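Dear colleague,

Please find below the structure for your review.

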Amino acid sequence: MRKTIGVRLTAPLLAATLGPAGLLLAPVASAAADPAVANPAVAAAPGMAAAPYEYLGWGNPQKPTDVMKATGVKWFTLAFILSDGGCNPKWDGSRPLTGGSDEAAIKSIRAAGGDVVVSVGGWSGNKLGEKCSSASALAGAYQKVIDAYKLKAFDIDIEDTEFGNATVRQRVVDALKIVKTKNPGLVTYITMGTTPTGPDATGKDLIKRGAAAGLANDGWVVMPFDFGGHSGTMGQASVGALEGLKAAVKSAYGYSDDAAYRHIGVSSMNGKTDEAGETVTTADFRTLLGYAQQHHIARYAFWSVNRDRACGSGTDADACSGVAQSPYEFTKIVVQYQG
C-alpha cells in the first residue's frame, strides 16, 4: 500500500476498538421527518453532492477550471488539511491556508461558478484529531479552515491511527458537534473505510458515538475499495457496503429508511486501486450512480480527479487510473448525480 503524504488510501481493516460499555444512544430525530432537513447538502447547493476529490499537492494535477470546462463539474473536494506538528491546520501540514496556491485555486473555482468542500485527514501525515489535545482545541483548528474560505461544506476523512483510537474518534465527533453549532447550515461529512458488508466494528462505533453525542452529521461516507477480497463486481460490492452503512446509520440514529439513505454517501476509487487485482470500472461507477439516484444519498465522490486519465509511460500510478479510458470519463459519470 502506498503511503505518500496526502494520498488518500483506506486503512486495512483494523482490530475493533469498542466504545465504552452501555454507550447510550441519543437519536437525532428531527432530520428523519423532513427530507429537506435530512439532506441539506442538496437543498443548500445543487452540485455539492457530486464533489470528487482533487489533490493539488503532488505530481501534475489538472487545473480545476479546466476540469470544470471539460466535465461540467462544479464542486471539488480538496485534500488534505493536516497538522503542522501541533494543533494548527495547514495543507499537507506545510502549506499555509491563505496566500498560497491552494487559496488561489479555490478562488479560481469560485470565479468559474463552482465551490469546494475541504477535506481534513487522509491516510498519511500528522492528524489534527491526534495532535489537538481536546475537542474544543480540535474544533478551533477546524474553525480556522472554515473561516479561511467561508466554507459551506467540510469533510473529515478519518483513517489509520486517527480512526483506530477510540479517544480520538470521540474527540473528532465532539469537535464536529461544536463546529456544527457555531456554523449553522454548514454541511459536514465523515468519510471512512469499509468492508464489503458495511463499516467494521470501529466504523460502527464511530457512528454510534455520533448519535450518542447528538451530532447531526449530514453524510456518513464509506470508501468501498481496498477490500482484501470481495465477491461479484466492485459495483455490487460497493452497493453491499452502502447497504450495511445505511443499516448502521438507521440503527444508531433511529432514522426511517428514507432518511437513513439521505445521510449516507460513497467515495469510490477510479480504476486500479491499491490492492492487486481490484479494479473499479466505469460500469461500476454507473452502478453507483443508479444507486445514488434511487436513494438520494448525501454524497457521491471518488478519489480522484488526479487519477481520471489514462497512464502514460512512466506515469505515477497515483496520477492516473491504470485502465484504458478517455479523459475525465469517471468524473463525467459522477457529475450526473444531483442529489
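In this predicted model, the charged end of R299 sits over the ring of Y189, 4.6 Å from the ring centre. A charge is taken to sit over a ring if NZ of Lys or CZ of Arg is within 6 Å of the ring centre and within 35 degrees of the ring normal.

As to the basis of these notes, residues are numbered from 1 along each chain as its sequence is written. The model being predicted, local features need pLDDT of at least 70 and side-chain atom pairs count only at pLDDT 80 or more, while totals for chains, interfaces and linings use all residues; side-chain values use heavy atoms, with hydrogens and water left out.

Aromatic contacts

The structure holds 13 aromatic pairs. Rings of Phe, Tyr and Trp (its six-membered ring) pair if their centres lie within 6.5 Å; planes under 30 degrees apart count as stacked, over 60 as edge-to-face and the rest as tilted.

One of these pairs is W220 with Y253, which is tilted, at 6.4 Å centre to centre and 50 degrees between the planes. Because W220 belongs to strand β7 (residues 219-223) and Y253 to helix α11 (residues 234-253), the pair ties together parts that are 33 residues apart in sequence. Helices (H or I, at least four residues) and strands (E, at least two) are DSSP runs, numbered from the N terminus. W220 is buried at 0% relative accessibility, and Y253 is buried with a relative accessible area of 0%. Here, buried means under 20% relative accessible area, exposed over 50%, and partly exposed in between (1.4 Å probe, protein chains only).

The planes of Y261 and Y291 stand at 75 degrees with the ring centres 6.2 Å apart, so this pair is edge-to-face. Y261 is in helix α12 (residues 257-261) and Y291 in helix α13 (residues 282-295), 30 residues apart.

Disulfides

There are two disulfides in the structure, each defined as a pair of cysteine sulfur atoms within 2.5 Å. In the C87 and C132 disulfide, the sulfur atoms are 2.0 Å apart. The torsion about its S-S bond is about 100 degrees, so the disulfide is right-handed. C87 is partly exposed at 29%, whereas C132 is buried at 0%.

C311 and C320 form a disulfide with sulfur atoms 1.9 Å apart; with 90 degrees about the S-S bond, this link is right-handed. C311 is partly exposed at 36%, whereas C320 is buried at 1%.

With kind regards
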